[in-house]
Structure formats: C-alpha cells, structure tokens
Amino acid sequence: MSGTIRFKRVLQLQVDQFLDMMDSAVLRVHKNDGTIVNIDLENQWQDTVNDNTGYGENALNSITVGSGVDNSAFGAEAGTATTTGTDNTLMGDTAGDAITTGTQNTAVGANAASAATTVSDVTAFGYNALALSTGAGNAAFGSGALDANTTGVRNNAIGQNALGLNTVG
C-alpha cells in the first residue's frame, strides 16, 4: 500500500514503509533515524479551525469543531466540560474539568481549578489548588492553596495550603 495520509491537517505521512496501523487507535510512525513515534489517535485531537488541542482521555471532549477558541488541555479529563470557553490552558488529571464557558484560565496540577465553571482569569498551580472555587480572578500557587475557597474572588495565595481555610473572602 502506498500513498499519502493526512491526519488532522497537521501530520502528513507516506503510507508505504513508514506507517504501520496497529490493532488499536495508535498510529506508529517509523522515522528515518530508526526511532518509532506512537500517536494515540483515540485520546488526542486538534481543531485547526479554532486552535483547540486536547491530549488525554476525555480532554476537551465537549468542544466541537468551531466552538471554543485557543484552548489547550493535557491530562485525563482536563477541560472535559469545556464547550465555548476561550484561552484556557489546563494541564493535569481533572485540571479545569468543570470549565464550560470560562475564559483565560490556567490550571496546572491534578484537580487544579476543578470546580471552576464560567469564571475567568483564574490561575491555579499545584495539586488541588482552587479545587472548590467558582470565584473569578483568584490566583493560587502551591499544593492545596485556596482549596476550600468556594465563591471568594480576587484572592492570592502562595505556598502549600496557603489560605486553605478561606471559603468566601
């Protein structure tokens, strides 16, 4: 078999000796230098129309082509509820998993900003940082920072468990 396959308008490969199709949804590419690159087709996608990129099981799986703009999610369930949100960067297991229409949010770490839904300008770095928060404009840096915050807005916390008991302030 020979010819050309276009994958998501991003990757173009010669089919003949460089490409093996495996039994699963993984594309195996043999490079000229002898290395092999596996591309997991089942758990990654890229929307080249609006520049959305998801990698990980169910990452950004609620976005359809043409909705949401400039979102990136890496990790299982990262950004899984995002529909029309824009400019969100989410990295880690369930990071920003409840964000639907929120904009300009950054969540790095497992469960970071995992309750944020429609909020904007949230920055969460660390395990469970801003895990329960639905307030906008919060910034939390450190494991458990502002993790109990629910509706408080414009809070800044730096350090492990910083402002961990703050809920609405």
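Modeller: One convention before we start: helices (H or I, at least four residues) and strands (E, at least two) are DSSP runs, numbered from the N terminus. Please also keep in mind that this is a predicted model.

Colleague: Fine, so how many helices and strands does the protein chain have?

Modeller: The protein chain has 13 strands and zero helices, so the pattern read along the sequence is β-β-β-β-β-β-β-β-β-β-β-β-β.

Colleague: And what share of the contacts comes from residues 24 or more positions apart?

Modeller: Taking the contacts with a separation of 6 or more, residues 24 or more positions apart account for 3% of them.

Colleague: Where is alanine 145 found, and is it buried or exposed?

Modeller: Alanine 145 is found in the loop between β12 and β13, the latter being residues 156-158, and it counts as buried because its relative accessibility is 0%, where the cut-off for buried is under 20%.

Colleague: What is alanine 145 in contact with?

Modeller: Leaving aside neighbours within four places in sequence, alanine 145 is in contact with Asn128, Ala129, Leu130, Ala140, Ala157, Gly159, Asn161 and Ala162. The C-alpha atoms of alanine 145 and glycine 164 are separated by 5.5 Å, with the two residues 19 apart along the chain.

Colleague: Which residues have the most contacts inside the largest nonpolar core?

Modeller: That core has 22 residues, and those with the most contacts inside it are Ala73, Leu90, Ala107, Ala113, Ala124, Leu130 and Ala140.

Colleague: What does leucine 90 touch?

Modeller: Not counting residues up to four places away in sequence, leucine 90 touches Ser72, Ala73, Phe74, Ala78, Gly79, Ala95, Gly96, Ile99 and Ala107. For the protein chain as a whole, buried residues make up 40% of the 169 residues.

Colleague: Now the surface: which residues make the nonpolar patch?

Modeller: Tyr55, Phe74 and Met91 make a nonpolar surface patch of about 270 Å². Methionine 91 lies in strand β9, which covers residues 89-91, and its relative accessibility of 39% is why it counts as partly exposed. The accessible surface of the protein chain comes to about 8400 Å², and 52% of that belongs to carbon and sulfur atoms.

Colleague: Switching topic, how many aromatic pairs does a search of the whole structure find?

Modeller: The search finds one aromatic pair. It is formed by phenylalanine 125 and phenylalanine 141, and it is stacked, with 5.4 Å centre to centre and 10° between the planes. The pair links distant parts of the chain, with phenylalanine 125 in strand β11 (residues 123-125) and phenylalanine 141 in strand β12 (residues 139-141), 16 residues apart.

Colleague: Why does phenylalanine 125 count as partly exposed?

Modeller: Phenylalanine 125 counts as partly exposed because its relative accessibility is 32%, and phenylalanine 141 is partly exposed as well, with a relative accessible area of 36%.

Key:
Residues numbered from 1 in each chain as written. Predicted model: local features only at pLDDT ≥ 70, side-chain atom pairs only at ≥ 80, totals over all residues. Heavy atoms only, no water. Patch = residues over 30% accessible without salt bridge, like charges linked within 9 Å, V, L, I, M, F, W, Y side chains within 5 Å. Areas by Shrake-Rupley, 256 points an atom, 1.4 Å probe, with all protein chains shown as cover. Salt bridge = Lys/Arg side-chain N within 4 Å of Asp/Glu carboxyl O. Buried < 20%, exposed > 50% of the residue type's maximum accessible area, 1.4 Å probe, protein only. Phe/Tyr/Trp six-rings, centres within 6.5 Å; stacked < 30°, edge-to-face > 60°. Contact = heavy atoms within 4.5 Å. Core = buried A, V, L, I, M, F, W, Y, C linked by side-chain atoms within 4.5 Å.
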